[in-house]
Amino acid sequence: MARRDKSYALDQCALYRCGSRKKLLRLLQTTPTKLTELKDADVLYYRMEKPKKNGGVREVYAPRYDLKRIQTRLSELLMRLEAPDYLMSPVRGRSNIDNAAAHRHALAHRLIDIEDFYPSCSAAKVAWFFGKVLECPPDVVAVLTWLTTRNGSLPQGSPASPILAFLSYRDMWDEIATIAARDNNRLTVYVDDVTLSGRVVHGRTLWDIKQSLQRHGHKTKTTKEASRCGTPVAVTGVILRDGALLLPNIQHQKQHQLRKSLERMPEGPDRIRTEAAVAGHEETERQILKRSL
């Protein structure tokens, strides 16, 4: 197994008890000069808008190239930490299909979506993780927090935000896992998608989980909540029906439309992109079928 695919206990993390800024910058493969340059820069993030699946747009703040490189390196170091069984993303080797498959044989399902997840992840909690959990000194914590947050929260668009959104709230997620286990429910977390399943998912379970989220500064998006019992359910882009995993109909329609467009599309960049999109859909369908069988 390649080194990058191994996982380590917290006290084996390269950043654990990192005692000086000099050592930190060496671990992040950067220099004091680059850090000063970044701090003096007028613009570190570029605002973009990405369309949401259900309408509207999502604000994304993409870091400039040199800051992104440092954030990517930090993410690589943190992604090596051992992940709990309930965490499906961001974890190497686990996917949205794995997330859905964990609930395939359950009778009841409850889906919870956290509203404005990254903007609700505060710099204070990020600093708490680096200082209290990784036990770094204040000057190192200050640099790490500055490198990974924007205007007091985690920016959506930073490669370090997904793993920090989990690690900075690990106490909350473990509390939620305890609530689910108490009531004999299976829990999985896929970024901001929380899925519960079992023979039954009680209202008190949902209430206690929402209270935990609220205590840590998060709230759920009621319009995206779903409750199913004995009927098909869509979990992170995969349909669960009678213990089988299926590709959603909308994905079948997209495949059909892409193939039809290829029939009359001339050679060129557009055709190459469309062929790649078709291949991506086909690979997803193969993976879902493989897990279903």
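What covers the buried residues of α6? The cover includes α1 (21-27), α2 (32-40), β1 (45-51), α3, α5 and α7. The model is a predicted one, in which local features need pLDDT of at least 70 and side-chain atom pairs count only at pLDDT 80 or more, whereas totals for chains, interfaces and linings use all residues. Residues are numbered from 1 along each chain as its sequence is written, and side-chain values use heavy atoms, with hydrogens and water left out.

**Helices**

Helices (H or I, at least four residues) and strands (E, at least two) are DSSP runs, numbered from the N terminus. Buried stands for under 20% relative accessible area, exposed for over 50%, and partly exposed for what lies in between, with a 1.4 Å probe and protein chains only. In helix α6 (residues 138-148), the buried residues are Val 140, Val 141, Val 143, Leu 144, Thr 145, Leu 147 and Thr 148.

Helix α3 (residues 65-78) holds Ser 75, which counts as buried because its relative accessibility is 11%. A polar atom of the Ser 75 side chain lies 3.3 Å from the backbone oxygen of Pro 159. Apart from neighbours within four places in sequence, Ser 75 is in contact (heavy atoms within 4.5 Å) with Pro 159, Ala 160 and Ile 163.

**Strands**

Two strands are said to pair if DSSP finds at least two bridges between them.

| Strands | Bridges | Direction |
|---|---|---|
| β4 (residues 108-113) and β6 | six | antiparallel |
| β5 (residues 186-190) and β6 | five | antiparallel |
| β4 and β7 (residues 226-229) | four | antiparallel |

Strand β4 is largely enclosed by the rest of the structure, because six of its six residues are buried. In a regular strand the side chains alternate between the two faces of the sheet. In β4 both faces are covered, with Ala 108, Arg 110 and Ile 112 buried on one side and His 109, Leu 111 and Asp 113 buried on the other. Towards β6, the bridge partner of Ile 112 is Val 194, and Leu 111 stands opposite Thr 195, while His 109 stands opposite Arg 228 in β7.

Strand β6 (residues 193-198) is mostly covered, with five of its six residues buried. Thr 195 of β6 also stands opposite Thr 188. Strands β5 and β6 form a hairpin with two residues between them, and in that turn Val 191 has a positive phi of about 60°.

**Cavity and pocket**

These spaces are found on a 1 Å grid over the protein atoms alone: a cavity is a set of points where a 1.4 Å probe fits but cannot get out, a pocket is an open set with protein on both sides within 12 Å along at least five of seven lines, and lining residues have an atom within 4 Å of a point. Grid points are joined across faces, edges and corners, and a volume is the space filled by probe spheres set on the points.

By this rule there is one cavity of 30 Å³ or more, and about 50 Å³ of space lies in the largest cavity. Its lining consists of Leu 87, Ser 89, Pro 90, Phe 117, Pro 162, Ala 165, Phe 166, Trp 173, Val 189 and Val 191. The elements that give two or more residues to this lining are β3 (87-89) and α7 (161-167), and α7 gives the most, with three residues. By class, the lining of the largest cavity has nine nonpolar residues (Ala, Val, Leu, Ile, Met, Phe, Trp, Tyr, Cys and Pro), one polar residue and no charged residue (Asp, Glu, Lys and Arg count as charged, and the others, Gly among them, as polar).

The second largest pocket has a volume of about 340 Å³. Among the 23 residues that line this pocket, the closest to its centre are Met 79, Arg 80, Leu 81, Glu 82 and Ala 83. Two or more lining residues come from each of α5 (123-133) and α7, and the lining divides into 14 nonpolar, one polar and eight charged residues.

**Backbone details**

In the segment before α1, Arg 17 has a positive phi near 55° although it is a residue other than glycine, and at 52% relative accessibility Arg 17 counts as exposed. Asp 242, which is not a glycine either, has a positive phi of about 55°; Asp 242 is found in the loop between β9 (238-241) and β10 (244-246) and is exposed, with a relative accessible area of 80%.

Methods
A polar contact is a pair of N or O atoms within 3.5 Å; within protein, one must be able to donate a hydrogen and the other to accept it, and residues adjacent in sequence count only if both atoms are side-chain atoms.
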